[in-house]
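Have the sequence and the 3D view ready, and let us walk through this protein together. We will begin with one residue and then widen the view.

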Amino acid sequence: MTITTAEPAAACCAPLAAAVLSEQEAAATASLFKALADPHRVRILNLLATSPDPVCVCDLQALLGLAQPTVSHHLKKLVTAGLLTRTRRGTWAYYALEPTAMGRLAAVTAAPATTQPTEGPDEHC
């Protein structure tokens, strides 16, 4: 009778190299995505990100082709998510990109270049 020793099992996949989000970080990130889950809000964010100065809600109406209550609704969602700031100048409200917003959005999708898969789609464990 011959006794053979089993070879150690090879690891199925390489361990994840990305930092794991806490539940709180995941919830905050989900709220950012919820706020951006509308094409008009994505356009608003883009318009404000490319504007050197805060923009009046009336200017956004014209650029988006939407009624004032609809634009205000979208702006409120973006402000609540922490993506925009709102300042009052008399009776007008001006909106600007929150200074850290783009960094927060970029951090969500940032991944080290070494985490790219080297296997084909059908070669997963």
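Start at Thr29: setting aside neighbours within four places in sequence, this residue is in contact with Leu21 and Val108. Contact here means heavy atoms within 4.5 Å. Thr29 sits in helix α1, and Thr29 counts as buried because its relative accessibility is 14%. The cut-offs are these: buried is under 20% relative accessible area, exposed is over 50%, and partly exposed lies in between, with a 1.4 Å probe and protein chains only.

Before going on, a word on where this comes from. The model is predicted, so local features need pLDDT of at least 70 and side-chain atom pairs count only at pLDDT 80 or more, while totals for chains, interfaces and linings use all residues. Residues are numbered from 1 along each chain as its sequence is written, and side-chain values use heavy atoms, leaving out hydrogens and water.

Now follow the whole chain. How many helices and strands does the protein chain have? There are five helices and three strands, and along the sequence they follow the pattern α-α-β-α-α-β-β-α. Both are DSSP runs numbered from the N terminus: helices are H or I with at least four residues, and strands are E with at least two.

Next, look at the strands, where two strands pair if DSSP finds at least two bridges between them. Strand β2, residues 84-89, pairs with β3 in the antiparallel sense over six bridges. These two form a hairpin with two residues between them, and Gly90 in the turn has a positive phi of about 70°. β1 also pairs with β3 in the antiparallel sense, over two bridges. Find Tyr94 in β3: it is the bridge partner of Cys56 and also of Thr87.

What about the interior? In soluble globular proteins, nonpolar side chains tend to be buried together. A nonpolar core is a set of buried Ala, Val, Leu, Ile, Met, Phe, Trp, Tyr and Cys residues joined through side-chain atoms within 4.5 Å. The largest one here has 23 residues, and those with the most contacts inside it include Ile44, Val71, Leu83 and Tyr95. Among the elements that each supply at least two residues of this core are α1 (23-35), α4 (68-80) and β3 (92-97). Take Leu83: beyond neighbours within four places in sequence, its contacts include Leu32, Leu45, Ala96 and Leu105.

Finally, step back: buried residues make up 23% of the 125 residues in the protein chain.
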